[in-house]
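Me: I have a new structure open and would like to talk it through. Could you take me around the sheet and the contact between chains?

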Amino acid sequence: MKLHELAHARSGDKGSTADISVIAYRPAHYPHLRALLTPDRIRAHFPDLPPGPIHRYEIPSLHALKFVLHDALDGGVTRSLRLDAHGKSLAACLLEMDVPAPPTTDAKD
Amino acid sequence: MSRTWSRTWSRTWSRTPTPEKPARRIRIGCGAGFADDRVDPAVELAKHGRLDYLVFECLAERTVALAQLDRLRDPDTGYNEWLEERMEAVLEPCARQGTRIITNMGAANPTAAARVVAEVARRLGLDGLRIATVTGDDVLHLVKGTHLPLLDGPGRAASTVSDLHKTVVSANAYLGATPIIEALAQGADVVVTGRVADPSLFLAPLMHEFGWPPTDWPLLARGTAVGHLLECAGQLTGGYYADPGTKDVPDLARLGFPLAEVAEDGSFTVTKVPGSGGRLTPATVTEQLLYEVHDPAAYLTPDVTADFSHAHLTHLAEDRVAVTGITGRERPITLKASVGYRDGFLAHGEISYAGPGAVARAREAARIVQQRLTRAEFPVTEARYDLIGVDAVHRGTGIAPATAVEPAEVRRRVAARTETLLQARRLGREVASLWLNGPYGGAGVTRETRENIAITSVLLPRELVMPATGVQLSTAGATP
């Protein structure tokens, strides 16, 4: 299945750094996403990223993960030659990721 | 100073209402989330939001630098181009209901912007409206030529401000809530600022109304969360969120802007005007609360280090979400300043191809331009070749190119950085020449060249910036 079926996402920018929030639709799926979406997995999904670090932050109370992709925007909105200088489409591109189905759960959320 | 608070109290939202002292709530709305935002939702909020404050956030990172260049050309400009239209639309309902306005539409020239607001007030017969300006964010004199390190390198041999030499055109520090609170304490009905941290525009009226001490970090963090959630306006109510079939949002065409109802203890609810378009749910609030926040436990502003990492959302009713669990720590010891500098020239050229072999023809077009530029020894500092419809904004491995269906049409885009305007125009000419000198069926050429103003950031010791901050009051109709 696609990540798009389990989570929604929003990308933002600060300077040349992109950030992507990934939010589980169902809180019960948060541990599955947390186990799956490591910084290495993000880098593998975006092979054109420069070697800058990728940081992950966890926000369990919002069943959300935050990825900060340093230097991902080629100078950012005030310098980049990219059509999407903000990296607005990054979140949608991340949601294309093929992921295994989450383990079945009895959670009622 | 709140003239409408008694109407805003409702036992529904107050956990332990005491009959003697109803929970006082301040209502703050956001009338704009960026420089070119829509005006209608601000009018809707001004008329039907029962607001104590209406805030317009209109200043992106580069906006002040561009406004500064405008001001250098004409000293009466350098503020937001929609200021007059926005004020004409909301001043009367705001004045009538006692809603005070706070905005960073002053950009590089809050003083000229305040004159415009005064003039609109005079035309509308709103005599005696008190208009304050907040200045002091311009720190060019403190920054230019120094060895302050650049936080976001410009991708060439520049690591300090002095490396940018004479290309620096502006430097503006992000001010905090304090100067706005001063303006409100002096009775301002409209506060016009330049560069102020976005959430501070919303935190300031809360600190003013509730008397929150400037070192009560948890309270300041909650007010900062209010500001952070509201500052992008429609992004909280379903804009930048809607995904038809997956995340449906009703009536996006009439998307309403959000407002917050804030209690003295900093707990708050976000909502929108009933009947407006859009949708506000825990999902939209989560997306916006985390938007452009890096470490959710350390969201840095001039006022506080806010911690959103234990935020809790409660869906109270349709389009009503309560936010709790926000904490905070001491503010950073430095202030961030954006430094604008001349960064060469940018050129973009585009041409479309349709029908059989469209992708192959567009790829051929790129090769042609590339070869002609090389043969001309054209000094292009940096160039990109994108295929719109295939790989222009798409990134990542989610769709394997081999399996992608051949599109019915594609658009070849060439973008480059050059040292002079003439070189940039020549690049546009190379793309345009594909009409007659490239693959068949080349269609719809567009091209654009401009000087680029880029932004980098530095950190300044806070005490260097604060003394420059000033507040002046002017009165509409006072001019004889």
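**Sheet and chain contact**

Reply: Strand 3 and strand 4 (residues 64-69) of chain A pair in the antiparallel sense over six bridges; two strands pair if DSSP finds at least two bridges between them, and strands (E, at least two residues) and helices (H or I, at least four) are DSSP runs numbered from the N terminus. This is a predicted model, where local features need pLDDT of at least 70 and side-chain atom pairs pLDDT 80 or more, while totals for chains, interfaces and linings use all residues. Residues are numbered from 1 along each chain as its sequence is written, and chains are lettered from A and ligands numbered from 1 in the order in which they are written.

Me: Which residue is the bridge partner of Ile59(A)?

Reply: That is Ala64(A), in strand 4 of chain A.

Me: In what order do the four strands of the open sheet in chain A come?

Reply: The order is 1-2-4-3, with antiparallel pairing. Strand 1 (7-14) and strand 3 (54-59) of chain A each have a single partner strand, so one side of each is left without a neighbour in the sheet.

Me: Switching to the chains, how many residues of chain A are in contact with chain B?

Reply: 35 residues of chain A are in contact with 40 residues of chain B, contact meaning that C-beta atoms, placed from the backbone, lie within 7 Å.

Me: And which element of chain A gives the most to that side?

Reply: Strand 1 of chain A does, with five residues.

How values were computed: Two residues are in contact if their C-beta atoms, placed from the backbone, lie within 7 Å.
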